[in-house]
Amino acid sequence: MRANYLFTSESVAEGHPDKVCDRISDEIVDLVYREAAKTGVNPWGVRIACETLATTNRVVIAGEVRLPPSLMKKDKDGKDVINPSKFKAAARRAIKDIGYEQDGFHWKTAKIDVLLHSQSADIAQGVDNAADQQGDEGAGDQGIMFGYACKETPDLMPAPIYYSHKILQLLATARKKGDGDVAKLGPDAKSQVTVRYVNGKPAEVTSIVLSTQHLDESWDSKKVRAVVEPYIREALGELPIADDCMWYINPTGKFVIGGPDGDAGLTGRKIIVDTYGGAAPHGGGAFSGKDTTKVDRSAAYAARYLAKNVVAAGLSDRCTIQLSYAIGVAQPLSIYVDLHGTGKGVTEDQVEAAIRKNMDLSPTGIRRHLDLNKPIYAKTSAYGHFGRKAGRDGSFSWERTDLVKALKDAVKVKEAA
């Protein structure tokens, strides 16, 4: 790893077209879990993989599901089919909460198509049959997942993505409060922060890029900067802004038409924004719209949880963890740990052994350990799935550091042996 370098990450706001789609897909996941709990259906049996497309005044929701009866209805032939009404209502609530009331994309008037259908029997048997053979449900797909943590920020996240998210979060909160000029910003926005590292540590910000939608057509880039700069400086906190920092605020000028009216959106297109901003590997699978039998989601959460606990335990300053799975097979095929040369008297082998001892990494084990069978996913759909505060409702449980003592103890036992 180089000691002195520049690194850049970007974030996108909840009103970005792709994030609108992520939000709707995760609202559908929450709806299914909520209806299961309400009607006494076992949440362990919930299955959903939901994709959303959004464009000018149009939303299309598609995917495979196994639903509680409360989300079904009888067709004219007496067959059980999906009842679209609650799905449409969930999508409209999401669009309204984000803040879209434009002629080209309005929560009340957008046409919404629900094209969900029953889960593939071939996929279902791969997950369900494994439970009969191994005692645990099988992974919902093959794939590789990564988790990462480092000591660059209080939440053990890489600095560039951490601050890119924070800028947009502060602006969104201010916009929704409706005070002064900041209330005239629109929901669609993108940020980008470049950080200079000195001796491997964040030293200063060398460039800031922000493009944000605004509802007042008379505004130019200078006016937008005057509105947003105080929030940018607040978000960066104690991280210095270089004297020669380059500022690019709405560099193309006017940005009035935004969101799905300006550009089509799709679920799952912002996976690097969702994770570590490019500072760590990503396995390739998106998170939003998936229940947690899908290891794309649950195992990525588990890998982040483990990496964060390794760093929080003081075993290293940086940690990358890779997990791999095969469809229908419960336990991971491999566990790989890289401490990037920052291990504190421990080796990667010791950490791998400690992980295996302290967490069952089957889909069942992950869902149980992190208590994932809950409607907690809509709030993950913007500003990153990682580096967030664990909530009282069980959200972001993978950000807890409650495995620190167990990992320390396991490493000591290994050393003694």
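Q: Which residues of helix H4 meet which residues of helix H5?
A: In this predicted model, Tyr163, Lys166, Ile167, Leu170, Leu171 and Ala174 of H4 meet Val228, Tyr231, Ile232, Glu234, Ala235 and Leu236 of H5. The residues of this contact divide into 10 nonpolar, no polar and 2 charged.

Q: How is the packing of two helices described?
A: Two packed helices are described by the angle between their axes and by the distance between those axes. Here, H4 (residues 159-177) and H5 (residues 221-236) pack at an angle of about 130 degrees, and their axes are 9 Å apart. That angle makes H4 oblique to H5. The crossing in which H4 passes H5 is right-handed.

Q: How many residues does the largest nonpolar core have, and which have the most contacts inside it?
A: The largest nonpolar core has 114 residues, and Ile61, Phe87, Leu361 and Trp398 have the most contacts inside it. Helix H7 (residues 295-312) gives the most to this core, with 11 residues.

Q: What is Ile61 in contact with, leaving aside its neighbours within four places in sequence?
A: With those neighbours left aside, the contacts of Ile61 include Ile24, Ile28, Phe87, Ala91 and Ile112. Glu51 and Asp113 are also among them.

Q: Where is Val256 found?
A: Val256 lies in the loop between strand S12 (241-249) and strand S13 (265-266). Not counting residues up to four places away in sequence, Val256 touches Gln213, His214 and Glu217. The C-alpha atoms of Val256 and Trp219 are separated by 9.3 Å, with the two residues 37 residues apart along the chain.

Technical notes. Residues are numbered from 1 along each chain as its sequence is written. This is a predicted model: local features need pLDDT of at least 70, side-chain atom pairs count only at pLDDT 80 or more; totals for chains, interfaces and linings use all residues. Side-chain values use heavy atoms; hydrogens and water are left out. A nonpolar core is a set of buried Ala, Val, Leu, Ile, Met, Phe, Trp, Tyr and Cys residues joined through side-chain atoms within 4.5 Å. Buried means under 20% relative accessible area, exposed over 50%, partly exposed in between (1.4 Å probe, protein chains only). Helices (H or I, at least four residues) and strands (E, at least two) are DSSP runs, numbered from the N terminus. Contact means heavy atoms within 4.5 Å. Axes are lines fitted to C-alpha atoms, for helices over the stretch in contact, and angles run from 0 to 180 degrees between N-to-C directions. Angles under 35 degrees count as roughly parallel, over 145 as roughly antiparallel, 65 to 115 as roughly perpendicular and the rest as oblique. A crossing is left-handed if the near helix is turned anticlockwise from the far one by less than a right angle, and right-handed if clockwise. Ala, Val, Leu, Ile, Met, Phe, Trp, Tyr, Cys and Pro count as nonpolar, Asp, Glu, Lys and Arg as charged, and the others, Gly among them, as polar.
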